[in-house]
Amino acid sequence: KLPVQCSLFYGWNMVASRIIFDGGSTDWTITKLFEKIKSQIPKKFHEVFLRKLTKENEDLLLTKATIRKIETIFEYINFNNIQCIFVSEKSFYNQICLAKRMKDLNKKSISVSLSNSRQDDVSDYCEKMYQLNLLEFVYLISKTSITLFSQGWLFRSHQVLFIEFLKKNNRHFVDFMDLNSFLFPTVDKKIGFLLKEVWGGDAIENNNMQKWCEKKLLSSAERCFFAGSIEHVTALKLNQKKIQKSYFVNISINSDMFVEPIKSVPINKKKFAYAGGFLPIEKRRVPEFFSDAQLVSTIEPLLKRNPDLSIDVYNNPLLIEKKKYPQIYRHQFCLSKKYKGYNFKYGSDGKKIRKKLSKYYFGLLLYNIDPILFGVEHHKNIIPTTFYLYLEAGIPMIVSSEFTHLSKIATKNEIGITCKWHPNIDLNDLTSKVDLSEMRRNIIEYRNKLKALALKGLD
């Protein structure tokens, strides 16, 4: 039985879904579904919305074989009392942590990928994993009364809104990651040119449509989770009264991954670590949007100032062979050859990477953000998932002061140091007066506190 507060949202959706799927029709396509719901979308966005849904005119067809496949999944959901479906194009760390917390609440879930991305990361927390296309997924949820947990991320919110329009008897929770509304709130001539370079000729129109989709989702989805500060509500001019009713923070911490920090780090072996998903330098990834995530413009000036500085970078494991790393990440490997204290490493998953990180002096969330042309609210409110990775590893961190909310957390809880990156910063000097043992004890206390807070909004 659905909660009372959900009933207001379902009336027209139930009608729409009955019209669309009654009779087991096999001739429905994404385009035909779009025709049913396009009155909900401003006319100026119709063309780009449909174009992105069909991925430039790859219109999918609902076949008899598809229907049989979906019926099998539906039977599995009913027989095994599945209470939540996670759905996204890719399986991100946020989703893995949410699935884990659902399991902590004794709620069974399945995971659906709308692409062919790997899903092994969620296998410990979801009962089953499936690969469906968007049309197949919409057909599946026309039959269910369940919680849907989708991910809204950069230039993908149209898919999530499409699901929202056709959710029928389901509750819809949205985990917002990077917001177009924060990254590109206004687009001048330079940003417009760069957007087209990275995301194609219709990127400006697409960005405007994505911002509208985000706004619509924030007003209609039952619950929205932000990857950072609850101040998202203020920055997005949302209803403050809906905090703790509809708006929550996704605290992406996984208590299964907690490792005990080492008791002490020899003062003459100060090693710093970066961990996360770092991008190769290539033409389509323009520095004005990506240089911080490519690290070279951040690290190289520090190494020039102090060639003996010891920094290891652990890149998230990618679906590429390790032997191809030196070519794909050639700029990073050039730095490794030039500076003996710098190493760019192929990362690992699970507790293995946490145990490696636990031996480091500090984890770094320090970036040269000056060249980045994102809106100010992005860095002000976001909490990178690497923050939780360092907490799980039990190591303190150095945080860029541009991460306003995160800097406040690090300072208030005494789990890290905050500063603005500049080329002459001396990491060894910056950390010389830190009581490392005390800071590591604070980390253990703080992450245990987060473990309980992370369950909010998942009932």
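A: Let's start with threonine 431, which counts as buried because its relative accessibility is 0%. Buried means under 20% relative accessible area, with exposed being over 50% and partly exposed in between, using a 1.4 Å probe and protein chains only. Before going on, please note that this is a predicted model, where local features need pLDDT of at least 70 and side-chain atom pairs count only at pLDDT 80 or more, while totals for chains, interfaces and linings use all residues. Residues are numbered from 1 along each chain as its sequence is written, and side-chain values use heavy atoms, leaving out hydrogens and water.

Where along the chain is threonine 431? Look in the loop that joins helix H20 (427–430) to helix H21 (436–453). Helices here are DSSP runs of H or I with at least four residues, strands are runs of E with at least two, and both are numbered from the N terminus.

Now look at what surrounds threonine 431. Beyond its neighbours within four places in sequence, it is in contact with Lys270, Phe272, Tyr361, Phe362, Ile398 and Ile417; contact means heavy atoms within 4.5 Å. Take isoleucine 417 as one example: 14 residues separate it from threonine 431 in sequence, and the two C-alpha atoms are 8.0 Å apart in space.

Ile311 brings us to the largest nonpolar core, which has 77 residues. A nonpolar core is a set of buried Ala, Val, Leu, Ile, Met, Phe, Trp, Tyr and Cys residues joined through side-chain atoms within 4.5 Å. Which members touch the most other members? They are Tyr274, Phe289, Ile311, Leu357, Phe387, Leu391 and Leu427. Helix H18 (residues 385–393) gives the most to this core, with 6 residues. Apart from this core lies another of 57 residues, including Val48, Ile82, Phe162 and Phe176. In soluble globular proteins, nonpolar side chains tend to be buried together.

Finally, step back to the whole chain. It has 21 helices and 13 strands, and 56% of its 459 residues count as buried. Among contacts between residues at least 6 apart in sequence, 76% join residues at least 24 apart.
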